[in-house]
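Please open the model in your viewer and keep the selection panel at hand. The tour below says what to select at each stop.

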Amino acid sequence: MTTVLAVANQKGGVAKTTTVASLGAALVGLGQKVLVVDLDPQGCLTFSLGHNPDRLDASVHEVLTGDLGAREAVIDTEDGVALLPATIDLAGAEALLLMRPGREFALKRALAPLLDDYDTVIIDCPPSLGVLTLNGLTAAQSVLVPLQCETLAHRGVGQLLRTVTEVQQITNPDLVLLGALPTLYDARTTHSRDVLSDVSDRYNLPVLAPPIPRTVRFAEATASGATVLAGRKNKGAQAYRDLAENLAKHWAGSELATFSPGSGE
Ligand SMILES: Nc1ncnc2c1ncn2[C@@H]1O[C@H](COP(=O)(O)OP(=O)(O)OP(=O)(O)O)[C@@H](O)[C@H]1O
Ligand SMILES: [Mg+2]
(Lines give C-alpha, C1' and ligand atoms only; values in the text may rest on other atoms or scores of the structure.)
(Ligands and ions follow the chains in the order given, each with its own letter.)
Protein backbone atom coordinates (compact mmCIF):
# COMPACT_ATOMS: atom_id res chain seq x y z
CA MET A 1 0.00 0.00 0.00
CA THR A 2 1.36 3.39 -1.00
CA THR A 3 1.02 6.26 1.45
CA VAL A 4 0.32 9.69 -0.03
CA LEU A 5 1.09 12.62 2.29
CA ALA A 6 0.38 16.29 1.56
CA VAL A 7 2.41 18.97 3.34
CA ALA A 8 0.29 22.11 3.47
CA ASN A 9 0.02 25.51 5.11
CA GLN A 10 -0.98 28.61 3.18
CA LYS A 11 1.38 30.65 5.36
CA GLY A 12 4.67 31.22 3.53
CA GLY A 13 8.09 30.23 4.79
CA VAL A 14 7.03 27.70 7.44
CA ALA A 15 9.34 24.94 6.06
CA LYS A 16 6.87 23.01 3.88
CA THR A 17 9.41 22.50 1.11
CA THR A 18 12.25 21.74 3.53
CA THR A 19 10.03 19.16 5.24
CA VAL A 20 9.09 17.45 1.96
CA ALA A 21 12.72 17.23 0.79
CA SER A 22 14.22 16.18 4.15
CA LEU A 23 11.48 13.75 5.12
CA GLY A 24 11.62 12.24 1.62
CA ALA A 25 15.39 11.72 1.87
CA ALA A 26 15.04 10.30 5.39
CA LEU A 27 12.43 7.76 4.21
CA VAL A 28 14.81 6.74 1.40
CA GLY A 29 17.38 6.20 4.18
CA LEU A 30 14.93 3.76 5.77
CA GLY A 31 14.86 1.78 2.53
CA GLN A 32 11.66 3.20 1.08
CA LYS A 33 10.98 4.17 -2.51
CA VAL A 34 9.84 7.78 -2.39
CA LEU A 35 8.33 10.21 -4.90
CA VAL A 36 8.09 13.92 -4.06
CA VAL A 37 5.76 16.21 -6.00
CA ASP A 38 6.46 19.93 -6.42
CA LEU A 39 3.09 21.72 -6.61
CA ASP A 40 4.53 25.22 -6.26
CA PRO A 41 5.10 27.31 -9.44
CA GLN A 42 8.15 28.80 -7.68
CA GLY A 43 9.81 25.39 -8.08
CA CYS A 44 11.70 25.63 -4.78
CA LEU A 45 11.50 21.89 -4.12
CA THR A 46 12.76 21.18 -7.63
CA PHE A 47 15.60 23.64 -7.14
CA SER A 48 16.54 22.41 -3.68
CA LEU A 49 16.83 18.86 -5.04
CA GLY A 50 19.42 19.98 -7.57
CA HIS A 51 17.35 20.67 -10.71
CA ASN A 52 17.00 24.06 -12.38
CA PRO A 53 13.28 24.52 -13.20
CA ASP A 54 14.21 26.78 -16.14
CA ARG A 55 16.01 23.91 -17.87
CA LEU A 56 13.33 21.22 -17.62
CA ASP A 57 11.32 20.10 -20.65
CA ALA A 58 8.57 18.32 -18.74
CA SER A 59 6.96 19.11 -15.41
CA VAL A 60 3.90 18.59 -13.25
CA HIS A 61 2.13 21.28 -15.31
CA GLU A 62 1.84 19.10 -18.44
CA VAL A 63 0.88 16.20 -16.19
CA LEU A 64 -1.99 18.14 -14.58
CA THR A 65 -3.30 19.37 -17.91
CA GLY A 66 -3.30 15.80 -19.21
CA ASP A 67 -0.73 16.40 -21.96
CA LEU A 68 1.83 14.00 -20.45
CA GLY A 69 1.80 10.89 -18.28
CA ALA A 70 3.27 11.42 -14.80
CA ARG A 71 5.91 8.74 -15.35
CA GLU A 72 7.32 10.70 -18.32
CA ALA A 73 7.93 13.77 -16.16
CA VAL A 74 9.52 12.09 -13.10
CA ILE A 75 13.28 12.65 -12.68
CA ASP A 76 15.95 11.30 -10.28
CA THR A 77 17.76 13.31 -7.62
CA GLU A 78 21.04 12.93 -5.76
CA ASP A 79 19.18 12.28 -2.53
CA GLY A 80 17.61 9.17 -4.04
CA VAL A 81 14.05 10.48 -4.09
CA ALA A 82 12.17 10.59 -7.38
CA LEU A 83 10.87 14.07 -8.22
CA LEU A 84 7.85 15.24 -10.18
CA PRO A 85 9.23 18.76 -10.76
CA ALA A 86 7.54 22.13 -11.16
CA THR A 87 8.37 25.03 -13.45
CA ILE A 88 6.87 28.51 -13.66
CA ASP A 89 4.40 27.09 -16.22
CA LEU A 90 2.47 25.78 -13.25
CA ALA A 91 1.38 29.37 -12.50
CA GLY A 92 -0.89 29.05 -15.55
CA ALA A 93 -2.28 25.65 -14.53
CA GLU A 94 -4.55 27.26 -11.98
CA ALA A 95 -6.45 29.17 -14.67
CA LEU A 96 -6.50 26.18 -17.05
CA LEU A 97 -7.75 23.78 -14.39
CA LEU A 98 -10.46 26.17 -13.23
CA MET A 99 -12.28 25.71 -16.52
CA ARG A 100 -12.33 21.91 -16.25
CA PRO A 101 -14.81 19.61 -14.56
CA GLY A 102 -13.33 17.65 -11.67
CA ARG A 103 -10.48 20.14 -11.46
CA GLU A 104 -9.59 19.11 -7.87
CA PHE A 105 -8.95 15.54 -9.05
CA ALA A 106 -6.32 16.22 -11.72
CA LEU A 107 -3.34 15.23 -9.54
CA LYS A 108 -5.03 12.21 -8.00
CA ARG A 109 -5.86 10.94 -11.49
CA ALA A 110 -2.35 11.61 -12.78
CA LEU A 111 -0.61 9.84 -9.88
CA ALA A 112 -2.83 6.74 -9.92
CA PRO A 113 -0.84 4.80 -12.57
CA LEU A 114 2.48 5.16 -10.75
CA LEU A 115 1.47 4.74 -7.11
CA ASP A 116 2.51 1.09 -7.15
CA ASP A 117 6.11 2.12 -7.92
CA TYR A 118 6.52 3.90 -4.56
CA ASP A 119 6.12 3.27 -0.84
CA THR A 120 5.49 6.92 -0.07
CA VAL A 121 4.50 9.97 -2.14
CA ILE A 122 4.92 13.41 -0.53
CA ILE A 123 3.27 16.50 -2.04
CA ASP A 124 4.70 20.00 -1.49
CA CYS A 125 1.75 22.42 -1.60
CA PRO A 126 2.19 26.12 -2.48
CA PRO A 127 1.53 28.87 0.11
CA SER A 128 -2.11 29.41 -0.88
CA LEU A 129 -5.44 27.62 -0.60
CA GLY A 130 -6.09 27.68 -4.34
CA VAL A 131 -6.81 24.88 -6.77
CA LEU A 132 -3.25 23.48 -6.59
CA THR A 133 -3.45 22.94 -2.83
CA LEU A 134 -6.96 21.48 -3.28
CA ASN A 135 -5.43 19.04 -5.78
CA GLY A 136 -2.74 18.10 -3.24
CA LEU A 137 -5.29 17.53 -0.46
CA THR A 138 -7.60 15.56 -2.78
CA ALA A 139 -4.78 13.25 -3.93
CA ALA A 140 -3.50 12.60 -0.37
CA GLN A 141 -4.47 10.13 2.34
CA SER A 142 -3.09 12.35 5.07
CA VAL A 143 -1.98 15.92 5.59
CA LEU A 144 0.78 17.34 7.77
CA VAL A 145 0.85 21.04 8.70
CA PRO A 146 4.29 22.57 9.35
CA LEU A 147 3.95 25.31 11.94
CA GLN A 148 6.60 27.90 12.58
CA CYS A 149 6.58 28.44 16.34
CA GLU A 150 6.56 32.22 16.54
CA THR A 151 3.99 34.84 17.49
CA LEU A 152 0.94 34.86 15.16
CA ALA A 153 1.68 31.29 13.99
CA HIS A 154 -1.98 30.54 14.66
CA ARG A 155 -3.18 33.06 12.10
CA GLY A 156 -4.57 31.20 9.13
CA VAL A 157 -4.58 27.80 10.87
CA GLY A 158 -8.36 28.00 11.37
CA GLN A 159 -8.86 28.72 7.67
CA LEU A 160 -6.58 25.83 6.69
CA LEU A 161 -8.45 23.43 8.97
CA ARG A 162 -11.78 24.58 7.49
CA THR A 163 -10.38 23.83 4.02
CA VAL A 164 -9.30 20.36 5.19
CA THR A 165 -12.82 19.76 6.54
CA GLU A 166 -14.37 20.89 3.26
CA VAL A 167 -12.06 18.60 1.29
CA GLN A 168 -13.11 15.75 3.59
CA GLN A 169 -16.77 16.59 2.93
CA ILE A 170 -16.53 17.10 -0.82
CA THR A 171 -13.55 15.57 -2.66
CA ASN A 172 -11.70 13.26 -0.25
CA PRO A 173 -13.70 11.75 2.65
CA ASP A 174 -10.75 9.57 3.73
CA LEU A 175 -8.28 12.44 4.24
CA VAL A 176 -6.67 12.24 7.70
CA LEU A 177 -5.27 15.32 9.42
CA LEU A 178 -2.07 13.91 10.97
CA GLY A 179 -1.31 17.07 12.89
CA ALA A 180 1.06 20.01 13.15
CA LEU A 181 4.82 19.66 12.81
CA PRO A 182 6.71 22.32 14.80
CA THR A 183 9.42 23.80 12.58
CA LEU A 184 12.14 26.39 13.20
CA TYR A 185 11.73 25.36 16.83
CA ASP A 186 13.91 26.94 19.47
CA ALA A 187 14.04 24.66 22.50
CA ARG A 188 16.21 27.11 24.46
CA THR A 189 13.41 29.61 25.02
CA THR A 190 9.91 29.06 26.33
CA HIS A 191 8.48 31.15 23.49
CA SER A 192 8.37 28.34 20.91
CA ARG A 193 6.74 26.05 23.45
CA ASP A 194 4.15 28.67 24.50
CA VAL A 195 3.17 29.37 20.89
CA LEU A 196 2.88 25.66 20.17
CA SER A 197 0.71 24.89 23.18
CA ASP A 198 -1.52 27.87 22.35
CA VAL A 199 -2.08 26.64 18.77
CA SER A 200 -2.57 22.99 19.65
CA ASP A 201 -5.08 23.86 22.43
CA ARG A 202 -6.93 26.41 20.35
CA TYR A 203 -7.53 24.00 17.46
CA ASN A 204 -7.29 20.68 19.31
CA LEU A 205 -4.50 19.73 16.92
CA PRO A 206 -2.10 16.84 17.59
CA VAL A 207 1.57 17.89 17.52
CA LEU A 208 3.95 15.47 15.82
CA ALA A 209 7.25 14.45 17.37
CA PRO A 210 9.96 15.50 17.25
CA PRO A 211 9.94 19.29 16.73
CA ILE A 212 12.41 20.36 14.02
CA PRO A 213 15.07 22.66 15.52
CA ARG A 214 16.16 25.89 13.85
CA THR A 215 19.66 25.39 12.41
CA VAL A 216 21.64 27.27 9.79
CA ARG A 217 22.36 24.03 7.92
CA PHE A 218 19.04 24.21 6.09
CA ALA A 219 19.90 27.39 4.22
CA GLU A 220 23.30 25.92 3.31
CA ALA A 221 21.66 22.73 2.06
CA THR A 222 19.12 24.54 -0.14
CA ALA A 223 21.95 26.37 -1.88
CA SER A 224 23.87 23.13 -2.46
CA GLY A 225 21.08 21.28 -4.28
CA ALA A 226 20.93 18.40 -1.80
CA THR A 227 19.04 18.08 1.50
CA VAL A 228 20.53 18.43 4.98
CA LEU A 229 20.56 14.66 5.20
CA ALA A 230 23.35 14.51 2.64
CA GLY A 231 25.65 16.80 4.65
CA ARG A 232 27.51 16.48 7.90
CA LYS A 233 25.79 15.17 10.98
CA ASN A 234 23.46 17.79 12.46
CA LYS A 235 20.42 18.21 14.71
CA GLY A 236 18.05 19.15 11.91
CA ALA A 237 18.83 16.07 9.83
CA GLN A 238 18.49 13.85 12.89
CA ALA A 239 15.08 15.38 13.70
CA TYR A 240 13.82 14.55 10.18
CA ARG A 241 15.20 11.01 10.51
CA ASP A 242 13.30 10.60 13.77
CA LEU A 243 10.15 12.01 12.15
CA ALA A 244 10.54 9.56 9.25
CA GLU A 245 10.80 6.66 11.69
CA ASN A 246 7.78 7.89 13.62
CA LEU A 247 5.67 8.15 10.44
CA ALA A 248 6.90 4.85 8.95
CA LYS A 249 5.99 3.03 12.17
CA HIS A 250 2.62 4.78 12.23
CA TRP A 251 1.86 3.73 8.65
CA ALA A 252 2.81 0.18 9.62
CA GLY A 253 0.16 0.25 12.35
CA SER A 254 1.66 1.86 15.50
CA GLU A 255 0.29 4.89 17.27
CA LEU A 256 1.75 8.21 16.16
CA ALA A 257 4.32 9.64 18.61
CA THR A 258 3.27 13.14 19.63
CA PHE A 259 5.03 15.99 21.37
CA SER A 260 3.42 17.77 24.27
CA PRO A 261 4.64 21.35 24.42
CA GLY A 262 3.57 21.76 28.04
CA SER A 263 5.65 18.92 29.47
CA GLY A 264 9.12 20.36 28.89
CA GLU A 265 10.34 17.31 26.94
N1 LIG B 1 14.77 24.01 10.72
C2 LIG B 1 15.19 25.09 10.03
N3 LIG B 1 16.17 25.88 10.52
C4 LIG B 1 16.58 26.98 9.86
N5 LIG B 1 16.10 27.38 8.67
C6 LIG B 1 15.13 26.63 8.11
C7 LIG B 1 14.63 25.45 8.75
N8 LIG B 1 13.67 24.92 7.96
C9 LIG B 1 13.57 25.72 6.88
N10 LIG B 1 14.44 26.75 6.96
C11 LIG B 1 14.63 27.86 6.02
O12 LIG B 1 13.44 28.64 6.01
C13 LIG B 1 13.17 29.13 4.70
C14 LIG B 1 11.76 28.73 4.28
O15 LIG B 1 11.71 27.32 4.19
P16 LIG B 1 10.83 26.59 3.08
O17 LIG B 1 11.12 27.13 1.74
O18 LIG B 1 10.98 25.15 3.32
O19 LIG B 1 9.36 27.07 3.53
P20 LIG B 1 8.01 26.94 2.72
O21 LIG B 1 6.92 26.82 3.72
O22 LIG B 1 8.10 25.85 1.72
O23 LIG B 1 7.95 28.34 1.98
P24 LIG B 1 6.88 28.77 0.85
O25 LIG B 1 5.63 29.06 1.61
O26 LIG B 1 7.48 29.99 0.23
O27 LIG B 1 6.74 27.62 -0.09
C28 LIG B 1 14.26 28.56 3.80
O29 LIG B 1 15.24 29.52 3.62
C30 LIG B 1 14.80 27.38 4.58
O31 LIG B 1 16.15 27.11 4.29
MG1 LIG C 1 7.69 25.90 -0.36
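A polar contact is a pair of N or O atoms within 3.5 Å; within protein, one atom must be able to donate a hydrogen and the other to accept it, and residues adjacent in sequence count only if both atoms are side-chain atoms. This is a predicted model, in which local features need pLDDT of at least 70 and side-chain atom pairs count only at pLDDT 80 or more, while totals for chains, interfaces and linings use all residues. Residues are numbered from 1 along each chain as its sequence is written, and ligands are numbered from 1 in the order in which they are written.

Select ligand 1 together with Val14, where an oxygen atom of the ligand is 3.0 Å from a polar backbone atom of that residue. Taken alone, ligand 1 exposes 630 Å², and the protein buries 79% of that (accessible areas come from the Shrake-Rupley method with a 1.4 Å probe).

Next, show the 19 residues around ligand 1, of which Lys16, Thr17, Thr18, Pro213 and Thr215 come nearest (a residue is near a molecule if one of its heavy atoms lies within 4 Å of it). The residues of this shell divide into 8 nonpolar, 7 polar and 4 charged, with Gly counted among the polar ones.

Finally, select residues 3–175, where UniProt, in an unreviewed entry, places the feature "domain: AAA". Over residues 3–175 the chain is 38% helix and 16% strand (helices, H or I of at least four residues, and strands, E of at least two, are DSSP runs), and the end C-alpha atoms are 12 Å apart.

Technical notes: Side-chain values use heavy atoms; hydrogens and water are left out. UniProt positions are given in the numbering used here, feature names are shortened, and annotations may be inferred rather than shown by experiment.
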